[in-house]
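Please look over the sequence and the model, then read the points below.

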Amino acid sequence: MEESFRSYTDKTSVYDIKPLRTLKPVFPSGNHQSPPPFVCSPPFGPFPPGFSPFYPFTSSQPHTHNNSNPSSVTPLRSFRSDAEPTPKRKTPKKLVRPDNVNFESGITSPERENGNRNLVTSVLTRYEALRRRFSQLEDAREAVTGTNKRADLKAGSTCMSRGVRTNTKKRPGIVPGVEIGDIFFFRFEMCLVGLHSPSMAGIDYLLLKGDTEEEETITIATSIVSSGYYDNEEGDPDVLVYTGQGGGNADKEKQTSDQKLERGNLALEKSLVRNSPVRVIRGLKEASPSVKIYLYDGLYEVKESWVEKGKLGHNTFKYKLVRAPGQPPAFATWIGIQKWKGGLTSREGLILADLSSGVESIGVSLVNEVDDENGPGYFTYSTKVTYSESFKLTQPSTGCDCSSSCKPGSLNCRCVRRNGGDYPYCGNGVLVSRKGMVYECSSSCPCLVCKLKVTQMGVKVKLEVFKTVDRGWGLRSWDPIRAGSFICIYAGEAKEKEQTMENDDYAFDTTRVYTAFKWNYERGLADEVDSEEVSEEPEMPLPLVISGKDVGNVARFMNHSCSPNVFWQPVSYEDNGQLFLHVAFFAVSHIPPMTELTYDYGVTRPSGAQNGDTLYGMKKCFCGSEYCRGSFG
């Protein structure tokens, strides 16, 4: 022990050392010969005789001296303390997720540069699935912290950084895979498919080689978003008077200075000169004022430009754009629907204003623009499913005891726990993921205003039953429908499989074989590689066949398609003290107004057939899809 103390150095005793900058130079005194005093010269001269500058005060690199005695001067950097490391230059943080660097988007470089319809649909589906998942997590976080971050921005930046995008090659005119009439609920969706690159700016433009030597490069506009921030004239479906950008804060609709002929404004001016087409996206308000929908209205040409004084006296640029002829209607359809809703014009071909006779909270129109048929065969309209004793589930009813509303992520709620601990819907009632079964709250739960009763609230969009050309009666919506939104349940009479007659064209059969498809979010894209993947296959505790032939609702009019825009999801909730199964329909993707709603009818598996056998339905399919299998039922 004593020996160890002898070798111990007392580090509390330090020398009285002062920083170098406080020391004064000391020169020898006396009459003996001494070196010349220290001379301080400017870094770049002039220098006294016999003195030469040294690196880095010379333009050349230092050279090696052949002095026999090396310099004993110690560089200042050697006085660095180990406790204070040399500060490193800060670099911007990059969006890197080291826990998932091996994620593969499945999109090749050529596909990322130039897309097609299938690729555009896939990118939008993957983005929306990820956004719903992030929104689900934010809703649960908000219930605890009171804060909710933008799930659309997080999902967009994630898809951008992981390569889940297409049409990155900027171009004027048509964008491969994007069709006129497509709708978007978030601007990031347009970025990911190459329709409009900026996530904020209203004008997108492209740099091109100039026509003359004096003008080496020019910018032309590729697309504009008329979002309503500026004083645009949007009443005419074929003409848009667009206000240029700049001059103030558009969010506050206050122009504080004159607009300048630069960037997007200059690009629109050049598009006018070169007669270059410009894509126009119309920003439209939904039923909720806080929600905006973006409608791709096709190609326009800039015909005129001028400068005029704005409301506050500042100069603004105005551009008159005219829609190119021969394009399918988009914004014109939207204007027509608003006139129908407002009673300004009557719906052409209207037979009944409300097929449900007041049963639905929003009336269902009956329209025929094809022939003289006055309507479908008689049936009793109902929004419920009637069950016999054999269809009642044996498990007892176990509702939750939440006082006001079931909170997302709350494991104290029995209904949330039955859904695996996750709230199955986003805050706006959009389904997050397909599951084997979704459990909703019921009338026995005290949460009267709960958002976990989505399918029990009835139809929330304006639907229309219409006569098709070759497939009987069909169903479509006047309103745009967001991906994951609830449409309706399949109402009717629950029957045994053997009771269903072969000529019942209005029977929904859960025992059929349905084409599998991927709709849920990708765990790798959401950085949930260690979590358990949720099965998207329905889990039916018993076979269920619902006939809407004699009693039913609008679901009985939805036609079959091999590439449907609607899917069915099993939902269970209590009714009069018993737990029952329901078949609910949700939107696969964003559905524009007046687009027919279709789902996969499936194919009946014959006795003795194996899982790998090719199955053929009993009825010929006329869906016209690229992936039509030829039959159904």
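Glu533 and Lys518 form a salt bridge, with the closest N and O atoms 3.2 Å apart. A salt bridge here is a side-chain nitrogen of Lys or Arg within 4 Å of a carboxyl oxygen of Asp or Glu. Both residues lie in the loop between S19 and S20, so the pair ties together parts that are 15 residues apart in sequence. Salt bridges that share partners join Arg434, Lys518, Arg523, Glu533 and Glu536 into one network.

This is a predicted model: local features need pLDDT of at least 70, side-chain atom pairs count only at pLDDT 80 or more, and totals for chains, interfaces and linings use all residues. Residues are numbered from 1 along each chain as its sequence is written, and side-chain values use heavy atoms, with hydrogens and water left out.

**Salt bridges**

- Glu533 is partly exposed, with a relative accessible area of 48%. Lys518 is partly exposed too, with 44%. The classes are buried (under 20% relative accessible area), exposed (over 50%) and partly exposed (in between), with a 1.4 Å probe and protein chains only.
- The structure holds 30 salt bridges.
- Side chains of opposite charge can pair when their charged atoms come close.
- Glu528 and Arg133 meet through their side chains in a salt bridge of 2.9 Å, N to O. Glu528 lies in the loop between strand S19 (507-509) and strand S20 (545-547), and Arg133 in helix H3 (residues 117-145), so the pair ties together parts that are 395 residues apart in sequence.
- Glu528 and Arg133 are both buried.
- Arg150 and Asp152 form a salt bridge between their side chains at 2.8 Å, N to O. Arg150 counts as exposed at 52% relative accessibility. Asp152 counts as buried at 9%.

**Chain overview**

- The protein chain has eight helices and 27 strands. These are DSSP runs, numbered from the N terminus: helices are H or I with at least four residues, strands are E with at least two.
- Of the 633 residues in the protein chain, 43% count as buried.
- The protein chain exposes about 36,000 Å², and carbon and sulfur atoms supply 53% of that area. Accessible areas come from the Shrake-Rupley method with a 1.4 Å probe; for residues, only the protein chains shown count as cover.
- Among contacts in the protein chain with a separation of 6 or more, 67% come from residues 24 or more positions apart. Contact means heavy atoms within 4.5 Å.

**Asn265**

- Asn265 sits in helix H6 (residues 263-274). Its relative accessible area is 0%, so Asn265 is buried.
- A polar atom of the Asn265 side chain lies 2.9 Å from the backbone nitrogen of Gln245.
- Not counting residues up to four places away in sequence, Asn265 touches Ile203, Gly244, Gln245, Gln259, Lys260, Phe317 and Tyr319.

**Ala330**

- Ala330 is found in the loop between strand S9 (315-323) and helix H7 (331-342). With a relative accessible area of 7%, Ala330 is buried.
- Ala330 and Pro592 are 262 residues apart in sequence, and their C-alpha atoms are 9.1 Å apart in space.
- Leaving aside neighbours within four places in sequence, Ala330 is in contact with Ile180, Gly181, Leu295, Tyr296, Asp297 and Arg323.

**Record annotation**

- UniProt lists residues 617-633 for "domain: Post-SET" in an unreviewed entry. UniProt positions are given in the numbering used here, feature names are shortened, and annotations may be inferred rather than shown by experiment.
- The end C-alpha atoms of residues 617-633 lie 5 Å apart, and the span is 0% helix and 24% strand.

Terms used:
A polar contact is a pair of N or O atoms within 3.5 Å; within protein, one must be able to donate a hydrogen and the other to accept it, and residues adjacent in sequence count only if both atoms are side-chain atoms.
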